[in-house]
Amino acid sequence: LTSQTLTVSVGPSWTTNAGSLGSFDAGASISGLNVVATSDTNVTVTEVTSPLTLTGNTDTPASTMNLTLSGTPATTATYTISGTAPSPTAETTYNFTLRATDADGQTTDRAFSITITVEITEGMMFN
């Protein structure tokens, strides 16, 4: 008989709840907006939306935000979303999916959104 060792690894999980990460004014500076994922090995967070909505710039501001997602792999990995909010002509909600991948290649996806609000720039006066 030979003995074999069975190793079990816990897949990554999200600390940040799915859904809205908040609302920002068009053209505002976004900083300190964090998403957090954990695992028993180092976790990396990437955007997997196709086409890239959060980090893409193919048609900003129509459907892409052109923001930065940055962080360092860790067992509790905090990744920060930052940059200048796009300036759409009307309030726009951008939906995107982020993937937490641990060092064992296990993944967990989570859906998020960010809403960009637009101030009224023209007004009417009634006499």
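D109 is partly exposed, because its relative accessible area of 38% lies between the limits of 20% for buried and 50% for exposed residues. This residue, like the others in the legends below, is shown as it stands in a predicted model.

**View A. The salt bridge between R99 and D109.** The structure holds one salt bridge. It joins R99 to D109, whose closest N and O atoms lie 2.7 Å apart. The two partners belong to distant parts of the chain, ten residues apart: R99 sits in strand β6 (residues 92-102) and D109 in strand β7 (residues 107-117).

**View B. The aromatic pair of W14 and F112.** The structure contains two aromatic pairs. In the pair of W14 and F112, the ring centres are 5.6 Å apart and the planes meet at 75°, so the arrangement is edge-to-face; that class requires an angle over 60 degrees. W14 lies in strand β1 (residues 13-14) and F112 in strand β7, so the pair links distant parts of the chain, 98 residues apart. W14 is buried, because its relative accessible area is 10%, and F112 is buried as well, with a value of 2%; the limit for a buried residue is under 20%.

**View C. The aromatic pair of F96 and F112.** F112 also pairs with F96, at 6.2 Å from centre to centre and with 35° between the planes, a tilted arrangement. F96 belongs to strand β6 and F112 to strand β7, and the pair links these distant parts of the chain across 16 residues. Both F96 and F112 are buried. Through such ring pairs, W14, F96 and F112 form a cluster.

**View D. Strand β7 and its pairing with β2 and β6.** Strand β2 (residues 19-25) pairs with β7 in the parallel sense, over five bridges. S20 has S113 in β7 as its bridge partner. Strands β6 and β7, by contrast, pair in the antiparallel sense, over ten bridges. T97 stands opposite A111 of β7.

**View E. The hairpin of β6 and β7.** Four residues lie between the two strands of this hairpin. In the hairpin, G105 takes a positive phi near 85°.

Note on methods
Residues numbered from 1 in each chain as written. Predicted model: local features only at pLDDT ≥ 70, side-chain atom pairs only at ≥ 80, totals over all residues. Heavy atoms only, no water. Salt bridge = Lys/Arg side-chain N within 4 Å of Asp/Glu carboxyl O. Buried < 20%, exposed > 50% of the residue type's maximum accessible area, 1.4 Å probe, protein only. Phe/Tyr/Trp six-rings, centres within 6.5 Å; stacked < 30°, edge-to-face > 60°. Pairing = 2+ DSSP bridges.
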